[in-house]
Every structure is written in structure tokens, then in C-alpha cells.
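Please examine the structure shown below.

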Amino acid sequence: MATKLPPTDAVVVGLGWAGAIIANELVDAGLKVVGVERGPWRDTAKDFNIASVTDELRYSQRQELMLRTAQNTITMRNNPSQTALPMRKWGSFHPGNGTGGAGNHWAGITFRFQPEEFRLRSHLEERYGADSIPEELSLQDWGTDWSEMEPFYDAFEKIAGTSGRAGNLVSGKQAGGNPFEGARSSDYPTPPLRQPYSPTLFAETAREMGYQPFPVPSSLVSETYTNPLGVTMGPCTFCGFCTNYGCANYSKASAITTVLPALIRKNNFEARTHCEVLRVTTDSDGRRATGIVYVDSAGRQWEQPAEIVVIAAFTFENVRLMLTSNIGEAYDPTTRRGTTGRNYAYQTANSVQLFFDDKNFNPFIGAGAVGMGIDEFNNDNFDHSGLGFFGGGSTRVTPIGATPIQARPTPPGTPRWGSRWKRATVDNYASTMSIGCEASNYSSPNNYLSLDPTYRDRLGRPLLRITFDFTDNDLRMAQYVTEKTAEIARRMNPREIVASPRIGPWDGRPYQSSHVVGGFVMGADPGTSSVNKYLQVWDVPNLFVVGASAFPQNPGYNPTGTVGALAFKAADGIINHYLRSPGEMIST
Amino acid sequence: MKTLMGLSLTGVALLPLSIWAASTEYQDIERGRYISVLGDCAACHTADDSQPFSGGVALETPFGTLVAPNITPDPETGLGRWRYEDFKAAMTEGIGKGGYHLYPAMPYPSYTLMPEKDIHDLWSYLQTVTPVENDVEANQLPFPFSIRQVMMGWNWLNFDEKTFEPDPEQSDEINRGAYLVESLGHCGTCHTPRNFMGGEGGDKFAGATIEGWYAPNITPNAHIGIGGWSEDELVEYLQTGGNRFDFASGPMADEVHHSSQHWTDDDLYAVARYLLSGAGLESDDWDREPPEPLSEDNAQVRAGSHIYFDRCSGCHTSDGGGEYGIFPQLASNPVVNGDNTSSLIRVVLAGSRPVATDAKPTAPAMPSFAWNLSDEEIASVLTFVRNSWGNAAAAVSPGDVADMREALTGE
């Protein structure tokens, strides 16, 4: 049985972006904080050595930085009529492990969600009519708004050193930035990265077509940057080993390059790594979290009592911990009652590949988040009247680096092996580029998370089961935005294009996106949400669950900027509201 | 308090004993605590941060191993049975209680300069630390160095017992800096080459090897010393562990961690002003003309330039300018230009993790290239770096790299 440890003021589960930010804020407010992390302590100096980090076999093929599926995985199915099977090798998404979490191997794209997103249902009903939203979508408002979110986006960008060009400052619109973004209180902390050739070419064409291209906001810093915690980052070198890799140049923002070096020095913080949390403990009526139980690397169980419990793991583990700890009511798709597991959503990834004869893109020059994008076809930036769908995508060229094993751009009709395949690789490696469209994924009553009835992890707990498929809304949207993207591609005058709109059913094997969201969503109504706008669990006031699990649906943007902002928002809720009347739901 | 401390100390040496001997006030003890920080007592006497001053840090000397003793007030294993006079004799004469000779790994040749008020306050502070029972076998030297009487002859040749005398020609600040550098800071212990007996010889502050690291030249020479650093840059280094040229690593990382990051601004600027003035140096030998750089056609320089652009320029930049606050500037860097290349070779082979401080928590690391650069390649790239962007210094030989590689492998 678990050995009971001395109590602490707050325990934070997960030391990725969200957990590290919250722990640091609580520690600075004077609380004694214990951080618990299931993976190892990761550190740039020790783990991401520049002499050895550019190893595609180790990091990309063998997924070194990702959670071991033998430790914990998910099961998946497209709909309730199927029996879910476990994912034994990460395919569709790449959950992280260790301090820094998935934030070590992320790409670094750091959008803010648009103001309309936080009241999406209200916004669409106002613009298109009260009954315009189809039955298959369970879109919701977030219970917060832009004015409440903006300061926390700003705080996150200053921690991460995010590079970019403002398109909309409170003082007025700015040429060259994203005209669709919400009004910003300040510009990006560092200027945009310099652009490689393919995004430059894309932006020129997009501009000719009347669109307004802008540098993709990126938490790869463009110049040396020291953040408010005193931690210094070095400028991105476009090394091309970025997504799926840790950064050796201290250029890619993550908890380990921006927060933990300062946090770990503080006396009232303690990190326990290789400790996997089994459950949140509650008092007899379930209205107060009393702490957590975790198992260490030697298999011993420990109970850590705490006055405040913060769950800040990856989306999947946040939801599974709530289900295994009986927090809230598990979602039932038939009755549509219950909120734990509700509104799971994903991302709809589309692309258009362009084969040229006369171009050399030097595609090995790359970074997870360097590029140019347009937002004319994202979210509700265009009129959806009569289109038969809602949502849209962020259209952009972001050359991540064409690595030796994986980068084999060959046109349709090329054999998949042999001398002709090799010849085609040589012919097309340098002259191929692609335009991506990272599009929204709108939640549906049929897509949800639950505990698997069959498969269990090494500790005997049920795996999390994903029941998910793309909705008709999303598939129609995918066709539309991909055609718009293809129009730009054709205008760029390549020899050949290959358009790949997302088609159903959801296939868990090819990588698509690690942007898994929802399942423990935020909102103003306890009937349809699990946490309030401070990420405080309804009816369990000293429990906060933070991360992309709180998104009620997923817009056509990458989630990390919003995860960071929500972490600051939760910390603000705890420090400036909860601690004034502990044990109560925050009412303001 | 900071200002008061900085301004008053030089005068304090002249105060008559009777003013402070009567009682030990809180401020004396606090002052003694700060003196223990200035003297970096913890560097040797604290092996375990949870048991300060209980000894146990092993010092590898050319003569064998010495272990710093327990200086907590524990009666059996520490200084519990010592009287103030015993402590004073240890600090100023190198004589322990009962008359035995200390080895000069204990920097009594520097501490002898301390005014009595400072010794007494330090003693008062040490009386207040928690007694820890920890029996340390200090003398682990081999015969004949294990015979402490050999130190009598050493002292006769290498040691002068004398209290610090301020130079009336110099400002109070320079005098304060002199006292800190020569006595409590004992900078020369590492930075001045030692003679064959392990005493500080000539070439004061010209740089010396200690524990496999090269403690660089800290004379005002602009090429190989710190003459190109501003006072602000020197203070930044001592206070935060890094400036645009360098991050403290190896034994200097310990010094910043335990000691100089906690010094007052006034004391740090006094040290900077004193060191950069050259006031403590007896001759102008440090003021040498830099050599001519090796030609770009030199085979090592040419090979090294390719290695540099492939392996090094991503961080240190193609013009050797580095990135302030994270990647040291190699151009005009005195460590790069220095006569002794052991630290340079060491960081390329073994990598290096500098000290993290509250002011600079990042501690950016230099990775190890031992596994994918040969001795010849490392010698070439260092030769290139030492002769580019205004740098000029002798070529590095592959044999030196091989020797260091062997020494590190044996560690």
C-alpha cells in the first residue's frame, strides 16, 4: 500500500509546459510545491547534445522522446460499434514523456486562438442563425473571452521568446502581420525568423492573389533572448532536426529551456521524476481532493497529500486520471450525459505537394516553425453561408527540414523501391515543397474518451479508449480548404501538384498531428463542461485540470500557445482568487 | 549594510583590539559570515551542503591528496577545543593547535594578510555553525610529504607572515580590492603558477594549471589576460558566472557558486578595479606584445576552418562573435589566446557545464566532441580558432590533445 508522505501546499502532476508554468507561479507566490513527472528529467546539456542530437533513426524513427507504449498507450476505434485495439507504436500522434513533455519535440508554432473561438457557439449562432449549427457538432463557448485570455497569451509568449510580427496591436493593425489575430497588448518578444525560399515563394504568390501572408508565429527564437525568469535562449540555426527532436541550440522554447532551469533552483519546489501518478485521492464525499498516489521507478507506492492538486499531464492522461479517480461523471454518448471524456477533438491535417523542375529549395534548411502562412480560409474568417460546413484551416509553408531517411518526395507513379525510386528521389529532393493546411476539428457527440473495458497498462489500470472519426462537417471543410490551397499551388506554376485533403475514416497509423484536445473541457455550464474558466473542477474546488483537455473544440491552429495561456490563467485563478477563499469554487 | 561593509573595512584594520574584543555582537558574527563567503571557506570545508564546514572535500595536489578538515565547533572532530589564539595561528602562521604545520593547500600564505578584526569575526561566526561529528583524515599525502615538518623549510622559502598594509598611494577602493584579491579571495592560489615546491612563484596571475583545468591569466594583458574586459564585464563574470567571453566552469564554477556571486557590488568593483589596474603586479612583464597570427595557409588553420564551420559556428557564429548570454565569444577571448591550451582542449573533448546562478540560471553546456573529432581535428580547429578574428596564438599539437584525452579517460 501507499506510504503517506508529509503534506505539501500544492502538488502538480506533469512537468511539461502547463505543469512547469503553474508550479513556477505557485512557488513564486510562496507555496511549497511538489512536481511529479512520469518520465525522466530532461536537460539540454545532457540529453540534447549538438554533437549527437541530429539522429533521425533514434529520435524520429524510434521515437526516443515519446512515451513508451509499453508504459502507457491508448486504444482506438472509429465508432461504438467497433472493438478498440491498442496503439503499440505511436502513429497518428506523438505523446511526450519526461520533463518538458511533448514540448521538447514540438514544432514550435505558437498561434493565439482568435477572439471568436472562445465564444464559438454564440458567435456562429449570431452570424448564421440560431439553428445553423448541425446536430452532429457539439460546439461550445469556453466560458471566458478574449479580454480575459489576452494577458495570459502575452505572458506565455514572453516566457517562450516567441518570434513573429504583430498584425493587430491594440494601437492598430500592422502591415505584414496576421490581420485576423485578436488585438495584442504587445508585439512578439523577438522578430520573425528569416524565411527560407519555399515560404518566400508561397508568400509572393499569396500576396499576388490578394491574400495577406505573415510569418508563422514561432517559439524558435530569432535572436538571443532572456526571458522574465532570467533563462537565456540562442537563435535558431535552421538545423532541420526540430519536430520530433530536442533542440541542442537552446532555440526552441520548452519547459526545459525556459522555465525549469529557474524553477529547480527555488527552495520551495521539488521535482520527482520517474513517478507515475495512479489516481487523485478524494475525501469521502468526493468534494475535496486530498492528494495523489503515485508509483516510483522501484514500484513503491506513495501518497502525497496536498491542499491543492493540479493535473497538468498530456490530454490523454488528464482525462484518464479523472476517469480512474471518478472525478465528474463519465460521458455516455447514448444519453449524452456526463462530462468526463466529452468533446474529444483532433486536428484535420491537409496538404498539397508541389513538384518543380527549376527550383532548388535547399530543403535541409528548416525548422519546426519557420514559414509563411495565410488565414483567409481559417476558422470563421470567411463567409460560411451555404458552404455546408463550419471551420477552416491555417494555410502555410513551414519547411521543417528534409531529413535523410524520411524525406523522399517522389511524384505519383514512382515505384516504392529500386533504382527508379532512387532516381526519383535524387530528381525531386531539392525541388519539391508542400503547403499544409492545419485545419479545425469540431467536436461531436460521437467522439469521446472512455476507459477501455479490455486492455490495461503495466500497472493494471484500464487504458484510455478513443472513439473518434472525422465528421461530415470536417470532411467537407477539408475538401474546401485543400482546393483553396491547391489554387495557390497551381498559381506557383509547378510541374505537378498532389492535393491531399483529409479523408475518412480516421486512421491511427500515419502521423497527422499530436493536437489531441478536449475530454475535460472548460465552460460556464457544469452540465456540459468539467472545469470553469480557471480550470477548476466543478464541485472539487481544490482540483485544477489544465491543458488542451480543456478545449471544447479545436480551431485551425496549433494548441500550445493556448495551453500556455491556460496554465497562466489557472495559476492566476489559484493565486489571486482561490487562495482568498480556499475550498470554494471561484465565483468571479 | 552592503555599502557600510564596503566602505568601512579598509579602515577597520587600524582599529585597536579593545574596541571589539569585549563582546561578540550579532553584527560581528554576520560580518564573519560574509568573510567566510569572501574567503570561500566552503569550497574546501563543505562537502555536503546540508552539513556546512564539516570538511571532507578532497584536494588533488601534485604531491598527493589532502582532505579539508572539519571546522565546525564539534569538540572531538572539529575545532570545538580550539581557542581563538589557535585559530589565529592557523590563519596567519599555518600552525595548527598543538603546533603542527598546515599544508599550504590551506591558503594561510594569503590569509596571513587578514587584519585581526576579520580573523576574530570569522572565528566568532564559526563558533555559531552547527557542530557536526565528522572525523576527517586530512593528511593523505605519501611519504615524505606526509611528514608535516617538511613545511618548516617550505615556509622559510615560500611564506612571509605579515598583515595587509594598505598602499597610501592608492585609493581606498583599490586597497580594498587588493586585500580581497591577495588575502580573502586568494586568487593567486589558482591563477599564479607554482614553483617546484608548490609555492606561488613569479609571473603573478599569469595563469596556472589546477586539477586538470587551466586557471587563466588574470593580468591586465589585453590579449591573453583580462585587459580587454571592462570593469562591468569582470564584475558580471564574478557575480553571475558568465560574461560575453566566458562562463565559469571547473573549479571557477565552484568559486562563483559558493563565493563571488554572494559578494557585494562594492567588493566586486573593488576587485575589478584592482585587477585591471595592474597595481598588484611587481613588474610590467605582463604587458607583452601579442604574437602574429598564423597564416590562413597554415595546414592546421585551413583544415580547422572547415571543421569550425561544420561543428562550431552554429553556436559560436561564423565570425567568432558568439551570442551574448549563451554562447561565448571566441574572438579576442583571452582564454582562447592563452599560452596554456589545457582548458580549451578539455572543453572540446569532454564538454563543459558552467555554473548556474540565480542571475544566469541557464548554464548552457558545451557538448563533448571526443567521440566524433580526432586528435588531429581538434588540434586543427583550435589552431584555427586561436588564429582567427584577431586572435593569435601558437598552434595546438595533436599530441597535446591525445595526452588530455588519455588523462580524461583515466579520470
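A crossing of two helices is called left-handed if the near helix is turned anticlockwise from the far one by less than a right angle, and right-handed if it is turned clockwise. In this predicted model, helix α11(B) passes α13(B) in a right-handed crossing. Helix α11 spans residues 231-240 of chain B and helix α13 residues 265-277 of chain B; their axes come within 9 Å and cross at roughly 125°. From α11(B), the residues B:E231, B:L234, B:V235, B:L238 and B:Q239 take part, and they meet B:L268, B:Y269, B:V271, B:A272, B:R273, B:L275 and B:L276 of α13(B). Sorted by class, this contact comprises nine nonpolar, one polar and two charged residues.

Helix α5 (residues 146-160) of chain A packs against helix α12 (residues 560-576) of chain A at an angle of about 110°, and their axes are 8 Å apart. The two helices, α5(A) and α12(A), are therefore roughly perpendicular to each other, and their crossing is right-handed. On the side of α5(A) the contact involves A:M149, A:F152, A:Y153, A:A155, A:F156 and A:A160, while α12(A) contributes A:G561, A:G564, A:A565, A:F568 and A:K569. Eight nonpolar, two polar and one charged residues make up the contact of α5(A) with α12(A).

The nonpolar cores come next. The largest of them has 248 residues, and A:I22, A:V310, A:V546 and A:A567 are those with the most contacts inside it. If residues up to four places away in sequence are not counted, A:A567 touches A:W17, A:A18, A:I21, A:I22, A:A312 and A:V546. Apart from this core lies another, of five residues, including B:C190, B:A208, B:W213 and B:A215.

Where the chains meet, 19 residues of chain A are in contact with 21 residues of chain B. Helices α2 (44-47) and α8 (260-263) of chain A each supply at least two residues of the side of chain A that touches chain B. That side of chain A has nine nonpolar, nine polar and one charged residues.

Finally, A:I497 is found in strand β22 (residues 496-500) of chain A. Because it has 17 C-beta neighbours inside 10 Å, A:I497 counts as partly exposed. Leaving aside neighbours within four places in sequence, A:I497 is in contact with A:V352, A:Q353, A:L354, A:A486, A:A489 and A:R490. A:I497 and A:T432 lie 65 residues apart in sequence, with 9.7 Å between their C-alpha atoms.

Methods: Residues are numbered from 1 along each chain as its sequence is written. Chains are lettered from A and ligands numbered from 1 in the order in which they are written. This is a predicted model: local features need pLDDT of at least 70, side-chain atom pairs count only at pLDDT 80 or more; totals for chains, interfaces and linings use all residues. A nonpolar core is a set of buried Ala, Val, Leu, Ile, Met, Phe, Trp, Tyr and Cys residues joined through C-beta atoms within 7 Å. A residue is buried if 20 or more other C-beta atoms lie within 10 Å of its own, exposed if 12 or fewer, and partly exposed in between; C-beta atoms are placed from the backbone. Two residues are in contact if their C-beta atoms, placed from the backbone, lie within 7 Å. Helices (H or I, at least four residues) and strands (E, at least two) are DSSP runs, numbered from the N terminus. Ala, Val, Leu, Ile, Met, Phe, Trp, Tyr, Cys and Pro count as nonpolar, Asp, Glu, Lys and Arg as charged, and the others, Gly among them, as polar. Axes are lines fitted to C-alpha atoms, for helices over the stretch in contact, and angles run from 0 to 180 degrees between N-to-C directions. Angles under 35 degrees count as roughly parallel, over 145 as roughly antiparallel, 65 to 115 as roughly perpendicular and the rest as oblique.
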